[in-house]
Amino acid sequence: MDLDVFVSAHRPEWDRLEHLLRRGRHLTGAEADELVALYQRTSTHLSLIQSSAPDPMLIGRLTQLVARARSVVTGTRRAGWRDAARFLTAGFPAAMYRSRHWWIPVALLSVLVASVIGWWIGTHPEVQSAIAAPEDLRQMTRPGGEYETYYSSHPAASFAAQVWTNNAQAAAMCLVLGAFLCFPVIWILFLNMLNLGVGIGLMSSAGRLDTFLGLVLPHGLLELTAVFVAAGTGLRLGWTLIDPGPYTRRTALAQQGRAAVGMAIGLALILFVSGLIEGFVTPSGLPTWARIAIGVFSELAFLAYLYVLGGRAARAGDTGDVESADQSAQLPTAA
């Protein structure tokens, strides 16, 4: 394509579009129709130039024109309670449901890793001695020791807030760092499973594994599921860079990235519930069976929310991305 000839032929249309945009709301009906037609033609022109004869200055001008025209044609929309309700009942659960083929294997493999680490530490005294001195280990694992008093070491409200902040930060890091080819997500997940495995190993070696599980399960079921969802989504985001599918890497990463940001917000809410359980239920005087029952109920409620609402929304075509009206216009990549 001869760029000079193309510019000479279509510059009047671009100038006319810019003139109409400057007039803003003072357009007649005919002029409004003309603006829509010019917006569509200029979008096509921008696509042709991007794919056939990229010129940074010209692309910059047309991109600005198309963006301004699009805001006039589609109008601006403010997020409200309706958007929040749609996010919680459709977008967020749909995004989790659609990524289940990533986070379910992550969950199974992670639990296996933590179990193997716990077995290795619990059955090898030399490994335990490498972690800490025998007296320190006894202080951690004895009745009333550090593993038990950890959950009641601070006031419940401040402890719940601290736990929520730490877990939400870990989940957000899994989601965001997934773009770095998955490796940071794997490392964060391994550290979490290592900490869990150490607790399992040390407490089982002291014959108090039941006590440890009674402390971990009430909040840990929901908390770990949220972390697994975040890690699986982060890995999916990283894999998008390797295999973007039918889209360009930029487009595919943008789609997955927007969904991941929504996931971070939704998972923060889930982890808030987990933090409340860890701050108020885990250290409470309730019987162990009652505390575990609360944890199991919260986990089943979350899975029902994910599979019932999420499955329904996903089958209806919801991807967890923002609505099409709020997305950047997708232009063809070839003439």
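Me: Which helix is His 219 in?
Reply: His 219 sits in helix H11. Keep in mind that this is a predicted model.

Me: Is His 219 buried or exposed?
Reply: His 219 counts as buried, because its relative accessibility is 3% and the cut-off for buried is under 20%.

Me: What does His 219 touch, leaving out residues up to four places away in sequence?
Reply: Its contacts are Tyr 151, Ser 274, Ile 277, Glu 278 and Thr 282.

Me: And Gln 128, where is that?
Reply: Gln 128 is in helix H6, residues 125-131. Gln 128 is buried too, at a relative accessible area of 13%.

Me: What is Gln 128 in contact with, neighbours within four places aside?
Reply: Ile 121, Gly 122, Thr 123, Leu 137, Leu 202 and Ser 205.

Me: What about Gln 255, and why is it called partly exposed?
Reply: Gln 255 belongs to helix H12. Gln 255 counts as partly exposed because its relative accessibility is 22%, and that class lies between 20% and 50%.

Me: How far is Gln 255 from Gly 199?
Reply: The two are 56 residues apart in sequence. In space, their C-alpha atoms are 39 Å apart.

Me: Switching to cores. How many residues are in the largest nonpolar one?
Reply: The largest nonpolar core has 34 residues. Those with the most contacts inside it are Phe 92, Met 96, Phe 228, Met 263, Leu 267 and Phe 302.

Me: Which elements give two or more residues to this core?
Reply: Helices H4, H5, H9, H10, H11, H12 and H13 do. H11 gives the largest share, 9 residues.

Me: What does Phe 92 touch, not counting residues up to four places away?
Reply: Phe 92 touches Phe 87, Gly 262, Met 263, Gly 266, Leu 267, Ile 270 and Tyr 305.

Me: On to helix packing. How do H2 and H3 pack?
Reply: H2 covers residues 29-52 and H3 covers 56-74. Their angle is about 145 degrees, with the axes 9 Å apart. The crossing is left-handed.

Me: Which residues make that contact?
Reply: From H2, they include Leu 35, Tyr 39, Leu 46 and Ile 49. From H3, they include Leu 58, Leu 62, Val 66 and Ala 69. By class, the contact of H2 with H3 has 12 nonpolar, 4 polar and 1 charged.

Me: And H1 with H3, what angle there?
Reply: H1, residues 3-23, packs on H3 at about 35 degrees, with the axes 11 Å apart. That crossing is left-handed as well. Among the H1 residues in contact are Val 7, Arg 11, Trp 14 and Asp 15. H3 brings residues including Arg 61, Leu 65 and Arg 68.

Me: How does the contact of H1 with H3 divide by class?
Reply: There are 10 nonpolar, no polar and 6 charged residues.

Me: Last one. Which residues does UniProt annotate as "transmembrane region"?
Reply: The unreviewed UniProt entry gives residues 102-121, 170-191, 212-239, 259-277 and 289-308.

Me: How far apart are the end C-alpha atoms of residues 102-121?
Reply: They lie 29 Å apart, and the span is 100% helix. For residues 212-239, the end C-alpha atoms are 36 Å apart, and that span is also 100% helix.

Technical notes: Residues are numbered from 1 along each chain as its sequence is written. This is a predicted model: local features need pLDDT of at least 70, side-chain atom pairs count only at pLDDT 80 or more; totals for chains, interfaces and linings use all residues. Side-chain values use heavy atoms; hydrogens and water are left out. UniProt positions are given in the numbering used here, feature names are shortened, and annotations may be inferred rather than shown by experiment. Helices (H or I, at least four residues) and strands (E, at least two) are DSSP runs, numbered from the N terminus. Axes are lines fitted to C-alpha atoms, for helices over the stretch in contact, and angles run from 0 to 180 degrees between N-to-C directions. A crossing is left-handed if the near helix is turned anticlockwise from the far one by less than a right angle, and right-handed if clockwise. Contact means heavy atoms within 4.5 Å. Ala, Val, Leu, Ile, Met, Phe, Trp, Tyr, Cys and Pro count as nonpolar, Asp, Glu, Lys and Arg as charged, and the others, Gly among them, as polar. A nonpolar core is a set of buried Ala, Val, Leu, Ile, Met, Phe, Trp, Tyr and Cys residues joined through side-chain atoms within 4.5 Å. Buried means under 20% relative accessible area, exposed over 50%, partly exposed in between (1.4 Å probe, protein chains only).
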